[in-house]
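Subject: Structure handover

Hello,

Here is the structure I promised to pass on. Please open it alongside this note, which goes through what was found.

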Amino acid sequence: MRVDSGVDSAATAVRPAPGEELSEAVGEAVGEAVELLAGRPLVGLTGAGLSTDSGIPDYRGPGSPRATPMTFDQFRSGEQARRRYWARSHVGWARMRHAEPNAGHRALAELERAGRLRGLITQNVDGLHRAAGHRAVVELHGRLADVICLDCRRRGDRGELQRRLAELNPGFAEAHGDEVASAPDGDARLESVDGFRLADCPVCGGVLKPHVVFFGENVPPERVALCYAMVDGLVPESGRPGALLVAGSSLTVQSGLRFVRRAHRLGVPVVIVNRGWTRGDEFATVKVDGGCSEVLTALART
Ligand SMILES: [Zn+2]
């Protein structure tokens, strides 16, 4: 879907690999995106839709399980809520830590290596961009692989906590591994979490929380400022601006949408690659209604 024009370069042929044929409509939109992005420095913004091909379900995409993530206030409300969180997370993490980057992550890492992608902002907490070899990533909502003590602020490693939880709750993850559908935050829906034993901070005995931004929590302001600066950096002193490439986000939360609004306000073209409607569609110069793996692979090849 072409929303705007103002492009001065010739369209480049898109050559999907065998088995990755794009539908005609998607292929046409990809062609427009290629044309628009050619020669421009890029900043990427990615969301859960990018990781679905790695087996991590999206909250909101088509066919996704209905899941409501725990809010920060609920997490802080007491031991029962934390037991629920950590029991589900203990099971979910066992699956998530085995997830591997997919063609979409690899295509973005390739664009970075080629010097075309100057910066990447991700809303994902799965660490898969780094696993794909991406170097400069701002993980807007943190990383599930990190743990923080809410009392002494000591940071820890999730793998180590997982081992402690497994010792405290022998057989729990194995017993529940098949009954659950996990979510992008590593949560897994369990029928019962009774008897699950929590692990406290090994230093102060305080409350441990995954070092990610929960719903109802704010992204640290310095991290937001860094992302705004990346978008602002797409506007040169003279000449045409770079572009913002959004992949796999429905932009339903303000934490990502604000960078799209900023780009639009600055006259920076926005390309959105996502299956289905996004809250940023009105700001998109080109919208590609397709899967991230196929479309990003096609974009990286041109
Ligand atoms: Zn502590």
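A definition comes before the findings: helix axes are lines fitted to C-alpha atoms over the stretch in contact, and angles run from 0 to 180 degrees between N-to-C directions. Please also keep in mind that this is a predicted model.

**Helices H1 and H10**

Start with this pair. Helix H1 covers residues 24-37, and helix H10 covers residues 292-301. Angles under 35 degrees count as roughly parallel, and 65 to 115 as roughly perpendicular. H1 and H10 are therefore oblique to each other. Their crossing is right-handed.

Which residues meet there? From H1 come Val 26, Val 30, Ala 33, Val 34 and Leu 37. From H10 come Val 295, Ala 298 and Leu 299. By class, this contact has eight nonpolar residues, with no polar and no charged ones.

**The overall picture**

The protein has 302 residues, and 44% of them are buried. Its secondary structure comes to 10 helices and nine strands. Take the contacts between residues at least 6 apart in sequence: 73% of these join residues at least 24 apart.

**The six-stranded sheet**

Six strands form an open sheet with parallel pairing. The order is S3-S2-S1-S7-S8-S9. S3 and S9 (286-288) stand at the edges. Each has a single partner strand, so one side of each is left without a neighbour in the sheet. Neighbouring strands here are turned by 15 degrees against each other on average, direction ignored.

H10 comes back at this point, as it packs on the sheet. It touches S7 (243-247), S8 and S9. The direction of H10 makes about 140 degrees with that of S8.

Now go along the strands. S8 (residues 270-273) pairs with S9 in the parallel sense over three bridges. Val 273 stands opposite Val 288 in S9.

Strand S2 spans residues 117-122. Is S2 largely enclosed or left open by the rest of the structure? Five of its six residues are buried, so S2 is largely enclosed. S2 has these two pairings:

- S1 (residues 42-46) pairs with S2 in the parallel sense over five bridges. Leu 45 has Ile 121 in S2 as its bridge partner.
- S3 (residues 137-139) pairs with S2 in the parallel sense over three bridges. Thr 122 has Glu 139 in S3 as its bridge partner.

**The three-stranded sheet**

Three strands form another open sheet, in the order S5-S4-S6. Here the pairing is antiparallel. S5 (155-157) and S6 (208-212) stand at the edges. Each has a single partner strand, so one side of each lacks a neighbour in the sheet. On average, neighbouring strands of this sheet are turned by 45 degrees against each other, direction ignored.

S4 covers residues 142-149. Three bridges join S4 to S5, and the two run antiparallel. Asp 146 stands opposite Asp 157 in S5.

**Where to look**

Finish at the antiparallel sheet S5-S4-S6.

Best wishes

Note on methods:
Residues are numbered from 1 along each chain as its sequence is written. This is a predicted model: local features need pLDDT of at least 70, side-chain atom pairs count only at pLDDT 80 or more; totals for chains, interfaces and linings use all residues. Two strands pair if DSSP finds at least two bridges between them. Helices (H or I, at least four residues) and strands (E, at least two) are DSSP runs, numbered from the N terminus. A residue is buried if 20 or more other C-beta atoms lie within 10 Å of its own, exposed if 12 or fewer, and partly exposed in between; C-beta atoms are placed from the backbone. Two residues are in contact if their C-beta atoms, placed from the backbone, lie within 7 Å. Angles under 35 degrees count as roughly parallel, over 145 as roughly antiparallel, 65 to 115 as roughly perpendicular and the rest as oblique. A crossing is left-handed if the near helix is turned anticlockwise from the far one by less than a right angle, and right-handed if clockwise. Ala, Val, Leu, Ile, Met, Phe, Trp, Tyr, Cys and Pro count as nonpolar, Asp, Glu, Lys and Arg as charged, and the others, Gly among them, as polar.
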